[in-house]
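The following note collects points that a colleague may wish to check against the coordinates. Please read them alongside the sequence and the model.

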Amino acid sequence: MTPHNIVLDNSLTWREISAIAQGAALEIAPAATDRIATGRLIVDALVSRGVRAYGITTGVGALADTVVDKTAQARLSRNIILSHACGTGPLLSAPAVRAIIAAQINNFAHGYSGISPATVRALQALLKHNCIPAVPSKGSAGYLVHMAHIALVLIGQGRATVNGEMLPGADALAKIGVTPLVLQAKEGLSLVNGTSCSAGLGSFALARAYRLADWADAVAAITLESSGAQMAAFDENILALRKSTGIQQVGKTLRDRLADSRRIKLAVGKRTQDALSLRATPHAHGAVRDVFANTAQIVDQELASVTDNPIVHGTPDDPKVASEAHAVAPALALALDGLAIAISQLSMLSERRLDRLVNPLVSGLPAFLTNDPGVGSGLMIAQYTAAALAAENRRLGTPASLDGGITSALQEDYLAHPTAAANKLLLVLDNTEQVLAIELMAAVQAADLVGADDSDSAAMRAPGTNVIYQQVRDLLPVYRDDHALGDDLETLRHLIATTEPAPIPAP
């Protein structure tokens, strides 16, 4: 997605969050700014009246009944950040962190958090100057830990990257002209609370899954062509009997990609039917698209929702506070788990199609797509890699939303694990991008071998697959066992992860 200005008025969508993750600027509309300011005035009124309120005038978690004196409420906010910043593991990528920050600002803009406008402006500054807090990827049972590491930088603690340089939090803020914040009552809780972490990561994952689904169809098309697939199975009227928007979409894409393929025409009637890994491509890819649509709807629903606890409402003259469970996100966790399972299945089908290309028992091509079988192993071990990654995806398919767990001395005794589900989905996407890259390399290598005796092999390919073939050959030559294969596979993984498949040429 091309970076551009995003204006936050009522709520951001997953597409807008993912655009901000990739560098788009975020502006806040006046109405949203007013809601944020009003929420802060309500918190100030609650404090001045001494209203008992979770995380404002009391401790948090199992300490919810411990009253905090007015003079200590700012210290409570700071201490929440320091104690909750206990993540571990590899750091999240810069786009993932940007997505979380954007989702946080989105949640604050609903006006029920009580965060100060100055704190929101500081978060905006992190995005504007691409100041990326160091956020460990592991340790959040729900949402607290990741966001605490972002908040650390706002108070001049922790670490952040500016222009590629990792700096202490205070130095990073100084680089972008921001003074460390002194948090007021409730701000510490607001900065770690809500489902912004999982909603942000989910939005980032959706953008990757969207591109991946398009690549899966394009890669499958060139595999089908190189395999001489029987296109009758993809007839529009036949597929319409299976009621699925995703199946119809994938079927049309495959028909369009393979239109006017001489190889496909020459293969008509050579087999009664293809193996399921070929024939069921619209069904498996279509299922991914159907699950994707459901997940996208739930992520947008999450972004449109208030996910703080407590929420502040009413007016500054009549302030109200309510404790609830909006920070729990079972629907989001279930949706992200479902998409991870769907993408995992896509990787399994891709690996099976790949095996049919490299396996001389069924391909009708040189063993493992090498011109010199025996001396050369070709893509033999690349298929092993794909099989290993697909197997890892099967293990990652175990739902995080079923993990359960009890925290905070029985006070928080139900956990939905949406952040774990999002992180797991991102790992599945990593693996599947590589599996598809391996299939893509094999499909293009097979296209060269199938057309080795043709004076004009390009003319044998469909225009829609030839553009994909050229995308690959513009980056890589035919593989001849003459250099480390892993470099080529990484090149194609990067292509799939960062670039759209070449569009189908107009007729």
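Throughout, a residue is called buried under 20% relative accessible area, exposed over 50% and partly exposed in between, with a 1.4 Å probe and protein chains only. This is a predicted model, in which local features need pLDDT of at least 70 and side-chain atom pairs count only at pLDDT 80 or more, while totals for chains, interfaces and linings use all residues. Residues are numbered from 1 along each chain as its sequence is written, and side-chain values use heavy atoms, with hydrogens and water left out.

1. Phe368 is not a glycine, yet its phi is positive, at about 60 degrees; with 24% relative accessibility it counts as partly exposed. Phe368 belongs to the loop between H16 and helix H17 (380-396), where helices (H or I, at least four residues) and strands (E, at least two) are DSSP runs numbered from the N terminus. Asn163, also not a glycine, has a positive phi of about 55 degrees and is placed in the loop between S6 and S7. Because its relative accessibility is 75%, Asn163 counts as exposed.

2. Cis peptide. The bond joining Asn309 and Pro310 is cis, with omega at about -5 degrees. Pro310 is found in the loop between H14 and strand S8 (311-314).

3. Aromatic pairs. Rings of Phe, Tyr and Trp (its six-membered ring) are taken to pair if their centres lie within 6.5 Å, and planes under 30 degrees apart count as stacked, over 60 as edge-to-face and the rest as tilted. By this rule there are 3 aromatic pairs. One of them is Trp14 with Phe292, an edge-to-face pair with 5.7 Å centre to centre and 85 degrees between the planes. This pair links distant parts of the chain, since Trp14 is in helix H1 (residues 14-21) and Phe292 in helix H14 (residues 281-303), 278 residues apart. Trp14 counts as buried because its relative accessibility is 4%, and Phe292, at 12%, counts as buried too. The rings of Tyr210 and Phe292 have centres 5.9 Å apart and planes at 50 degrees, so this pair is tilted. It also links distant parts of the chain, with Tyr210 in helix H9 (residues 196-226) and Phe292 in helix H14, 82 residues apart. At 34% relative accessibility, Tyr210 counts as partly exposed.

4. Charges over rings. A charge is said to sit over a ring if NZ of Lys or CZ of Arg is within 6 Å of the ring centre and within 35 degrees of the ring normal. The charged end of Arg15 sits over the ring of Tyr210, 4.9 Å from its centre. Elsewhere, the charged end of Arg461 sits over the ring of Tyr469, at 3.6 Å from the centre of that ring.

5. Sheet. Two strands pair if DSSP finds at least two bridges between them. An open sheet is formed by 3 strands in the order S4-S6-S7, with antiparallel pairing. Its edge strands, each pairing on one side only, are strand S4 (132-133) and strand S7 (165-168). S4 pairs with strand S6 (residues 159-162) in the antiparallel sense over 2 bridges, and Pro133 stands opposite Ala160 in S6.

6. Cavity. On a 1 Å grid over the protein atoms alone, a cavity is a set of points where a 1.4 Å probe fits but cannot get out, and a pocket is an open set with protein on both sides within 12 Å along at least five of seven lines; lining residues have an atom within 4 Å of a point. Grid points are joined across faces, edges and corners, and a volume is the space filled by probe spheres set on the points. The whole structure contains 1 cavity of 30 Å³ or more, and the largest cavity holds about 50 Å³ of space. Its lining includes Asn106, Thr195, Glu302 and Thr307, and helix H4 (94-108) gives the largest share, 3 residues.

7. Pocket. The second largest pocket has a volume of about 440 Å³ and is lined by 21 residues, with Ser226, Ser227, Gly228, Arg271 and Ser363 lying nearest its centre. H12 gives the most to this lining, with 3 residues.
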